[in-house]
Amino acid sequence: MLDLTRIRNNPQAIADALAKKGYKADFSKIIEWDDQRKSTITEIEALKAQKNKVSSQIPVLKKAGQPVEPIFDEMRKLGEEIAAGDAKIAELVDSINDALSCMPNIPDDDLLPGEKENNRVIKVVGEPPKFDFTPKNHVDLCTELGLIDYERGVKLSGNGFWIYRGMGARLEWALLNYFVDEHIADGYEFILPPYQLGYNCGYGAGQFPKFSDEVYWLDVDEDKKRNRFMLPTAETALVNMFAGEIIDESKLPMKFFAYSPCFRKEAGSARTEERGMIRGHQFNKIEMVQYAHPEHSMEAFEELVEKASRLVEKLGLHFRVSKLAAGDCSASMARTYDVELWIPSMGIYKECSSVSNANDYQARRNNTRYRDSKTGKPAYVHTLNGSGLATSRLIPAIVEQFQNADGSVRVPEVLRKYLGGIDVIK
RNA sequence: GGAAACGUAUCGAAGUGGUCGCAACGAGCCGCACUCGAAAUGCGGUUGACCGAAAGGUCACGAGAGUUCGAAUCUCUCCGUUUCCGCCA
């Protein structure tokens, strides 16, 4: 949600910033509605003041035995005018909010405009492995090693689902344990959220109304606002935990991480080149979220990027970090860096973590505030999130980058303690 | 899933149609006084949003709708909490 005051003060600057995201903003309607809202409020509040004044006279007159009927007529007329005015105000507020809540977040100043082509690689770690044999792709490797059962996954749930089996399940679990230990060591609080969330969570995270068709609803036949959906990322839960609350300033920053499966329809994105586990309807992810003081949210952002990178780096994988152009950041985010893994068989880098700063965009939507010691007033917190990490891209990268000529796969050093010391999967 | 009770400030809680939501009363918290200091005591303060340059005004008793000149108070719907019953792969 954008700040209407900021829009009113500087509409052109905001419109220019949104244009970098490819969004054509027209604030004229909103400002007009807001003008009407303000003038109507002034008008109606004067009537309400009068009504309150007259109303308080009634018991006094009654006590004095004076007639009150004439006053009732006046009150009735005032009441009607007030009701009409209130209805008009409510309508204007709805229009304003509907329009505002569909607008994307303002990208940070330093972002390049445009889409993917303007993303910039800002860090590269390691280099693509060189093989002196013909490397296999992860689908073949995972199938042959018995890590993933794609066919039976489809049998159970259809396309886009798979089953982790044996060492595959253990490897998945090892990764998650490794992440958990790292986050705990960094002082983050471990959260296991509900996996079914209410509409308000999707709205607060800025994913609804725009993306409400891309999640799985549990009861499709009723009004969505009363139903629950399967969470598409734990961010949706974490970012709404303090909705409507005023957080003590001294508690900031608050740092959390949560494990959850993530459920996404991924409608229209099924592509033949994305075989295997690159894009599924259900995948495991650990998500990091920080609630930061606005003055320190940039530091929080850097910390999350560093954490996501470190997790990959300690696995020994070749990866890079990209700073996304304004148009490639999701609607709610002011800034996003992607951590991207090298997938040898695809010859490209695939995102395994997306670290973003929403600034106050989400906090405004779900009313998450802290009390600012300088002003003594509540102010919106900044929310940040980043995957730490998603496993469904990691396993392909691990099996492909660490494959041996005999079809076995070397286990990254940091995972061995979670796998009973096993160093090669064969 | 069914029934009942309840939902008021930081907490407990009064108010059951008007002059009591700048919300009684109690507790907590902050400040001041008293004190060498503390305790006790006394005094004062202690929600948020909105309109307004300001003065000032408006709104909020879980949420929404209704009845009424007027609703914390009456009616309805929804949400939540508690207790009891049912179900429990």
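Biologist: Is P294 buried or exposed, or in between?

Modeller: A residue counts as buried if 20 or more other C-beta atoms, placed from the backbone, lie within 10 Å of its own, as exposed if 12 or fewer do, and as partly exposed in between. P294 is partly exposed because 16 other C-beta atoms lie within 10 Å. The model is predicted: local features need pLDDT of at least 70, side-chain atom pairs count only at pLDDT 80 or more, and totals for chains, interfaces and linings use all residues. Residues are numbered from 1 along each chain as its sequence is written, while chains are lettered from A and ligands numbered from 1 in the order in which they are written.

Biologist: Where is P294 placed, and with which residues is P294 in contact?

Modeller: Helices (H or I, at least four residues) and strands (E, at least two) are DSSP runs numbered from the N terminus. P294 sits in the loop between strand 10 (282-292) and helix 10 (297-315). Contact requires C-beta atoms, placed from the backbone, within 7 Å; leaving aside neighbours within four places in sequence, P294 is in contact with D360 and H382.

Biologist: How many residues surround RNA strand B?

Modeller: A residue is near a strand if its C-beta atom, placed from the backbone, lies within 6 Å of it. RNA strand B is surrounded by 18 residues, the closest being K48, A49, P59, M75 and G79. Two or more residues come from each of helix 3 (28-63) and helix 4 (69-101), and helix 3 gives the most, with 12 residues.

Biologist: Into which domains is chain A divided?

Modeller: Domain bounds come from an automatic or database domain assignment. Chain A comprises domain 1 (26-101) and domain 2 (116-425), whose centres, taken over C-alpha atoms, are separated by 49 Å.

Terms used. Two residues are in contact if their C-beta atoms, placed from the backbone, lie within 7 Å.
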